[in-house]
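This briefing is meant to be read with the structure open beside it. Please take the topics in turn and find each named residue as it comes up.

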Amino acid sequence: MWSVSRRAVVGAVLLGAVVPGRAWAAASAPARTLYVDPQGRGDHATVQAAVDAVGPGGTVVLAPGTYREVVRIGADRPGLTLVGGGDDPRDTVIVYDNAAGTPKPDGSGTYGTSGSATVTVAAEGFTARGITFANDFLRADHPDITGTQAVAIKVMGDRSAFHGCRFLGHQDTLYADSSALTAFVRQYYSHCYIEGDVDFVFGRATAVFAHCRFHTLDRDVAFKPEGMVFAPSTARANPYGFLAVKCRITSGAEDAAYKLARPWVPTSDTTARPSLVVRDSHLGPGIDATAPYTNMREQFPWQQQRFAEYRNSGPGAEIRVPENRPQLTAEEAATLTPQTYLGDWHPWRLRDAG
């Protein structure tokens, strides 16, 4: 058996204390830990094989390496934990290169945005730590494909938590969603790194990003903006959408090349009222401070959505045109915290809660 990082194992045990999967496992069979190593030194050689074999509330520990595969974690695996076996999330990578317009091998059409995901999580109570989730589809390598959305991970389960993970892609990197329009699910991302270009954090989940870094990529395009960081599609009945608190937005593109957000009102829910709050965060010069928001569709202007900021800093947070930068009052900000968004679920480490 290969030797897993002591830090990773300790982290998995600690995280188990806040994941309801333990209760589920106790009700059926004892939760167990499976080890994955592509060299044959673990219980399984692929991530998917271990996910299929482990029971509810179980833990899958991945040996450092690159796993080039598509992984599906179904609703029948509640409380599952994935742990990277290295000391850095760069050590353990799950990656594939499907895009929305990629033809399926059986000739039945293309994958679509959801089907392009390298990893799909439908299970409740899912936790990941120290792993990189990536989609390395490149537009330049596939000029014949027009559907260039390429999701690194799609998350749909309630009480899904990611600690110290990385999410790499271009368009539509992180799909923070739910299983149905009426399902209000909660997700938590702590000390994570997320990069992309167009709408690279999107979906209708109630998602809290704490102490995360969002990095906008440089695109060789003649038009502006080059992309948008957030594209929430929050259901109108859901009071909480995306919350970014104590985060950083950095950029590999020129100054003001990116918008902070645009609202996504999908054809499947034309009553959606996207919600985003960015607070106590540092916005670098890559964000267009004069006009940080834009529209995806003109019939759903961003001004009619639930976008707001509070106490942000940095050149991308300058309030140059006040009507373009809706700000929360101190009283409003006091009600829009991670605790408010996540209710009775407390997935954070102590240093994240403030």
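This is a predicted model: local features need pLDDT of at least 70, side-chain atom pairs count only at pLDDT 80 or more; totals for chains, interfaces and linings use all residues.

**A residue in a loop**
- Thr337 lies in the loop that runs between α5 (330-333) and α6 (338-342).
- With a relative accessible area of 19%, Thr337 is buried, because the cut-off for that word is under 20%.
- When neighbours within four places in sequence are left aside, Thr337 is in contact with Leu243 and Arg279.

**The sheet**
- An open sheet is formed by 10 strands with parallel pairing, in the order β1-β2-β5-β8-β11-β14-β17-β20-β23-β25.
- Because β1 (33-36) and β25 (306-310) stand at the edges with a single partner strand each, one side of each has no neighbour in the sheet.
- Strands β2 (residues 59-62) and β5 (residues 81-84) run parallel and are joined by 4 bridges, and Val61 stands opposite Val83 in β5.

**The nonpolar cores**
- The largest nonpolar core has 60 residues, and those touching the most other members are Phe133, Phe162, Phe167, Tyr189, Phe209, Phe214 and Phe230.
- A second, separate core has 16 residues, including Ala210, Val245, Val277 and Trp345.
- Not counting residues up to four places away in sequence, Phe167 touches several residues, among them Phe133, Ile153, Phe162, Tyr189 and Glu195.

Methods: Residues are numbered from 1 along each chain as its sequence is written. Side-chain values use heavy atoms; hydrogens and water are left out. A nonpolar core is a set of buried Ala, Val, Leu, Ile, Met, Phe, Trp, Tyr and Cys residues joined through side-chain atoms within 4.5 Å. Buried means under 20% relative accessible area, exposed over 50%, partly exposed in between (1.4 Å probe, protein chains only). Contact means heavy atoms within 4.5 Å. Two strands pair if DSSP finds at least two bridges between them. Helices (H or I, at least four residues) and strands (E, at least two) are DSSP runs, numbered from the N terminus.
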